[in-house]
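Open the model in your viewer and keep the selection tool at hand. The tour below goes stop by stop.

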Amino acid sequence: MSGVLNLFNLKLLFASCFIFTFFSCVNNHEQRSEIEKDYQIYCGSCHLVPDPASLSKDIWEASILPRMGIRLGIPNAKLDPLQRLSMAEQIELRKYNLDKYEKIIEDDEWERLKKYVIDLAPDSISFDETRLARNVESKQFVRRDFPIDDNLGANICAIEFDEEKKELWLADFNKTIHHWSKDEKLISRVASPVVDFNFSDNYVGWSEIGSLFPSNLKNGKVIFTNKINGKILIDSLRRPVQADLADLNGDGIDEIIVAEFGNDIGGLFLFESINDEYRRSTLLELPGVIKFKIKDMDNDGKMDIVALFAQGDESIFTFYQREDLQFDAKRILRFPPGFGTSDFELTDYNQDGRFDITTAHGDNADYSYSLKNFHGVRIFIAEEDSYKEQYFYPIYGSTKVIPFDFDQDGDLDIATSAFFPDFDNLIEESFVYLENISEGQQFEFKTQLIPSDMPVRSLCLEKADFDGDGDQDLILGQFTISPQPIPETLKQLWLSSKNDITVLFNQLK
């Protein structure tokens with residue numbers, strides 16, 4: 001009888017353990033679901049929620065989570081939002097209540113959220129060794145380097161080629177504009193670094209950023225030099241990175257669209273000409289607008305604006321013009337903040353009459369510096385009311401992108417540069433040419449490099465018929481200042497060189 005009782009007790013024990021384990025698992029699952037929900041809510045309140053597995057544990061622990069905590073109101077003496085800021089910067093932040101953050105999460109909840117992220121983050125991100133042997137040497141482009149002065153090192157921050165006048169305009173970090181034409185070389189001093197040029201029949205314009213480094217101060221300005229009426233000056237701008245004149249409403253009078261990148265404060269703004277003065281209106285007050293294009297996106301005969309915002313909440317918006325200079329904003333693409341989205345272009349890959357979008361992701365200068373396998377070039381194809389990613393080519397630190405039919409075979413190739421490549425193993429991927437060899441609906445590209453003893457590192461990438469032979473060449477400007485550490489031998493190589501610009505001559509013609 002005792003044996004029967006022992007067997008019964010054993011079965012009862014197993015049953016109890018099973019019930020306990022079952023409910024414990026259910027309880028743990030429910031707790032994990034709650035924490036995951038909290039992560040989505042708190043992290044998604046500012047930007048698209050990143051995958052915890054996208055960064056290593058040390059980066060989350062040392063950099064990202066402490067800064068996230070500050071924005072959720074968790075104090076951190078080492079990360080005071082006003083730390084190391086000038087009094088003028090502090091005043092600007094206080095105007096917008098950005099000098100402190102209200103506490104919106106309890107301490108115990110914050111600790112659980114941090115643990116959730118750290119548990120899911122990998123110890124390290126493995127290097128993708130398949131990239132070491134995936135490229136071939138380009139036969140289509142031949143490289144030639146040019147100095148613009150006798151100084152060693154170079155920090156070119158804007159390049160633009162006026163195709164009509166065959167003139168090259170350059171600007172550098174030292175607040176200098178260099179202008180070449182067939183008969184003259186013009187050097188002008190300006191108040192702050194120029195980061196953008198634009199041209200029309202009557203004017204040349206440029207944007208003076210004020211500071212290349214993060215700032216909320218209104219030290220930037222936009223200047224248009226009009227050959228008939230002198231100068232139009234718009235000042236007191238927060239780090240303007242692009243400004244264009246365009247007659248958006250078809251009344252024969254140009255408006256000025258200005259992208260103020262700023263830092264914590266910024267946005268996309270419209271300046272309307274009224275009685276020879278410009279009245280400012282806001283399209284979207286959101287920092288980080290880095291580029292815009294003016295196109296009729298919905299084929300209604302009105303000019304719209306497509307803009308990339310790249311600070312925190314990385315997004316592309318279309319501003320549809322409904323009435324006379326009245327716009328409706330629609331977010332058409334959104335990316336996690338670690339993507340470092342830095343450039344986009346509008347093109348029509350499948351020739352269906354709708355603009356597709358090519359993007360470059362790779363800004364790596366902020367709080368999560370590391371080789372990121374999700375950086376690179378993406379193609380989004382326009383569908384009925386959305387965009388779908390159809391192609392991704394991974395490149396560490398991709399910065400600029402130009403889709404164009406460089407070989408004139410009827411499809412779009414892609415030129416891209418990377419300011420943050422893998423300096424140790426893939427420095428030659430600071431420029432990559434993707435030759436389109438697609439057939440049917442599938443995207444396929446042959447990737448090509450241009451090897452050199454002097455690696456190029458550029459913030460700028462422009463296409464132009466530089467030599468006037470009927471095909472499009474590519475121009476890059478060397479930039480040696482680095483926000484991140486680079487190998488000492490590479491640093492000294494760049495600092496000892498007189499190379500300022502690199503032209504990749506297209507051999508098609």
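Select Lys78. Lys78 counts as exposed because its relative accessibility is 68%; exposed means over 50% relative accessible area, buried under 20% and partly exposed in between, with a 1.4 Å probe and protein chains only. Lys78 is found in the loop between α2 and α3 (87–95). Helices here are DSSP runs of H or I with at least four residues, strands are runs of E with at least two, and both are numbered from the N terminus. Lys78 and Pro66 are 12 residues apart in sequence, and their C-alpha atoms are 9.3 Å apart in space.

A note before moving on. This is a predicted model, in which local features need pLDDT of at least 70 and side-chain atom pairs count only at pLDDT 80 or more, while totals for chains, interfaces and linings use all residues. Residues are numbered from 1 along each chain as its sequence is written, and side-chain values use heavy atoms, with hydrogens and water left out.

**The helix pair**

Select residues 57–71, helix α2, and residues 107–120, helix α4. Their axes come within 10 Å and cross at roughly 150°. That makes α2 roughly antiparallel to α4. Axes are lines fitted to C-alpha atoms, for helices over the stretch in contact, and angles run from 0 to 180 degrees between N-to-C directions. Angles over 145 degrees count as roughly antiparallel, under 35 as roughly parallel, 65 to 115 as roughly perpendicular and the rest as oblique.

Which hand does the crossing of α2 and α4 have? The crossing is right-handed: the near helix is turned clockwise from the far one by less than a right angle.

Show the side chains next. From α2, take Lys57, Trp60, Glu61, Leu65, Met68 and Gly69. They meet Trp110, Leu113, Lys114, Val117, Ile118 and Asp119 in α4. Contact means heavy atoms within 4.5 Å. By class, the contact of α2 with α4 has 7 nonpolar, 1 polar and 4 charged residues.

**The sheet β11 to β14**

Move to the open sheet of 4 strands in the order β11-β12-β13-β14, with antiparallel pairing. Its edge strands are β11 (240–246) and β14 (277–284), each pairing on one side only. The twist averages 20° from one strand to the next. Two strands pair if DSSP finds at least two bridges between them.

Select β11 and β12. They pair in the antiparallel sense over 6 bridges. Pro240 has Glu260 in β12 as its bridge partner.

Now take β12 (residues 255–260) with β13 (residues 267–274): an antiparallel pair over 5 bridges. Ile257 stands opposite Leu270, and Ile256 stands opposite Phe271. The hairpin of β12 and β13 has 6 residues between the strands, and Gly262 there takes a positive phi near 60°.

Is β12 mostly covered or uncovered? It is mostly covered, with 6 of its 6 residues buried. Glu255, Ile257 and Ala259 point one way; Ile256, Val258 and Glu260 point the other way.

Select Arg239, in the loop between β10 (230–237) and β11. Arg239 is not a glycine, yet has a positive phi of about 50°. At a relative accessible area of 7%, Arg239 is buried.

Jump to Leu286, in the loop between β14 and β15 (289–295). Leaving out residues up to four places away in sequence, Leu286 touches Gly266, Gly267, Phe309 and Phe317.

Then select Leu325, in the loop between β17 (314–323) and β18 (326–335). Leu325 has a positive phi of about 60° although it is not a glycine. Its relative accessible area is 9%, so Leu325 is buried.

**The sheet β19 to β22**

End at the open sheet of 4 strands in the order β19-β20-β21-β22, paired in the antiparallel sense. Here β19 (341–347) and β22 are the edge strands, each pairing on one side only. Neighbouring strands are turned by 20° against each other on average, direction ignored.

Select β21 (residues 376–382) and β22 (residues 387–394), which pair in the antiparallel sense over 7 bridges. Arg378 has Phe392 in β22 as its bridge partner. Ala382 stands opposite Tyr387. Last, trace the hairpin that joins β21 to β22 through 4 residues.

Terms used:
Ala, Val, Leu, Ile, Met, Phe, Trp, Tyr, Cys and Pro count as nonpolar, Asp, Glu, Lys and Arg as charged, and the others, Gly among them, as polar.
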